[in-house]
Amino acid sequence: MLSALRRTLAQRAVGHSQRHLAALASTSTPSSAAAVQLVQAVPPQNVPVYIAMSNLIEEGSSTEEQVAALDPTVFAHPIRRDILYLCVNFYRDALRQGTANTKTRGEVRGSGRKIRPQKGSGRARLGDGQSPMLRGGGVAFGPKARDFATDLPRKVRQMGMRVALSAKVNDRALAVAPTLDWPGAKTRDFAARVDALGWGRTLFVAGAETIPARLERVCRNVKDVDVRCAADLNVYEMLRWPKMVMDVEAVAYLERLLSKEIPESERIAMPSPPKLRYTRMEAGRRRKTSAFIKDVDEEGTPAPEGALFE
């Protein structure tokens with residue numbers, strides 16, 4: 001009875017809504033209908049993002065009239081704080097070593113003999129000396145070595161890169177330079193040039209496969225300045241540094257990696273997230289004293305000294 005009543009009421013409601021929509025369509029003015037058709041007919045235009053170029057090298061060519069046209073699908077993406085939150089947590093989870101370890105009662109050294117008889121002593125029941133209730137025994141629910149890395153879809157990581165770059169553009173914290181190949185070798189000259197341009201607390205991003213040797217050397221000696229390759233750039237580093245300076249090659253690399261105008265089959269493959277090459281516990285077992293693990297790494301190609309990541 002109740003189900004039949006519900007079906008009847010639902011049919012009446014559907015009929016009423018259909019009649020109401022038909023009445024609205026018949027009474028709509030021609031101007032409003034034409035406006036709707038005009039909005040549907042005109043597609044949104046992708047206007048490039050224009051940024052005045054800067055120059056790290058003082059003796060270089062003047063860049064006052066040079067403007068960089070950036071891909072709007074990469075540098076004008078809507079800001080999504082939730083995506084940035086996911087990407088930062090994903091990156092930081094991958095950096096955790098997870099080497100905290102405690103011994104259970106089965107791993108603690110000692111005899112398995114029962115301490116005292118089950119009955120007759122008038123005291124509490126006890127088993128062996130490795131019980132978690134006793135001093136020197138095992139830990140009941142202590143931490144064990146594990147991997148804290150989490151998974152995040154590739155398209156979400158790509159969107160996070162677009163959002164972070166767009167946020168830098170909106171904050172006017174992104175600069176584009178023709179090149180980052182610093183010609184000198186003196187840290188004093190580089191620091192003076194950075195102060196003159198107002199690039200304190202700045203991350204330099206080079207588009208080449210390797211960082212220019214002189215730029216890397218001078219950045220090591222200047223406070224609050226760092227340099228990265230475009231392939232190693234991630235959302236966490238972009239949000240960590242207030243300002244970012246990229247060369248033209250880095251812009252081209254990021255556009256080939258993230259642009260929606262390029263078919264997905266022709267894009268550059270998304271770099272894999274950071275992964276520990278070994279844990280400290282494993283390195284201690286192997287009596288490892290450097291970044292090269294014998295019988296694991298290829299001979300003749302040792303990893304850089306102190307490098308913990310692949």
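## Basis and overall make-up

Residues are numbered from 1 along each chain as its sequence is written, and side-chain values use heavy atoms, with hydrogens and water left out. Because this is a predicted model, local features need pLDDT of at least 70 and side-chain atom pairs count only at pLDDT 80 or more, while totals for chains, interfaces and linings use all residues.

The protein has 10 helices and six strands; these are DSSP runs numbered from the N terminus, with helices being H or I of at least four residues and strands E of at least two. Of the 310 residues in the protein, 34% are buried. Buried means under 20% relative accessible area, exposed over 50% and partly exposed in between, with a 1.4 Å probe and protein chains only. Contact means heavy atoms within 4.5 Å. Among contacts between residues at least 6 apart in sequence, 69% join residues at least 24 apart.

## Helix 5 and helix 9

Helix 5 (residues 154-170) and helix 9 (residues 248-258) have axes that come within 10 Å and cross at roughly 140 degrees. Axes are lines fitted to C-alpha atoms, for helices over the stretch in contact, and angles run from 0 to 180 degrees between N-to-C directions. The two helices are therefore oblique to each other; angles under 35 degrees count as roughly parallel, over 145 as roughly antiparallel, 65 to 115 as roughly perpendicular and the rest as oblique. From helix 5, Gln158, Met161, Arg162 and Leu165 meet Leu254, Leu257 and Leu258 of helix 9. The residues of this contact comprise five nonpolar, one polar and one charged. Here Ala, Val, Leu, Ile, Met, Phe, Trp, Tyr, Cys and Pro count as nonpolar, Asp, Glu, Lys and Arg as charged, and the others, Gly among them, as polar.

The buried residues of helix 9 are Ala250, Val251, Tyr253, Leu254, Glu255, Leu257 and Leu258. Their cover includes helix 5, helix 3 (72-75), strand 2 (67-70), strand 3 (174-177), strand 4 and strand 6 (243-247).

## Aromatic pairs

The structure holds four aromatic pairs. Rings of Phe, Tyr and Trp (its six-membered ring) pair if their centres lie within 6.5 Å; planes under 30 degrees apart count as stacked, over 60 as edge-to-face and the rest as tilted. Tryptophan 182 and phenylalanine 190 form an edge-to-face pair, 5.3 Å centre to centre with 80 degrees between the planes. Both residues of this pair are buried.

The ring centres of phenylalanine 190 and phenylalanine 204 are 6.0 Å apart and their planes are at 55 degrees, so this pair is tilted. It links distant parts of the chain, 14 residues apart: phenylalanine 190 is in helix 6 (residues 187-197) and phenylalanine 204 in strand 4 (residues 202-206). Phenylalanine 190 is buried at a relative accessible area of 0%, and phenylalanine 204 is buried at 0%. Trp182, Phe190, Trp199 and Phe204 form one aromatic cluster.

## Two buried residues

Histidine 77 is in the loop between helix 3 and helix 4 (81-95) and counts as buried at 12% relative accessibility. Apart from neighbours within four places in sequence, histidine 77 contacts Pro72, Met159, Arg162, Val163, Ser166 and Lys260.

Glutamine 158, in helix 5, is buried with a relative accessible area of 4%. With neighbours within four places in sequence again left aside, glutamine 158 is in contact with Leu257, Leu258, Arg267 and Met270.
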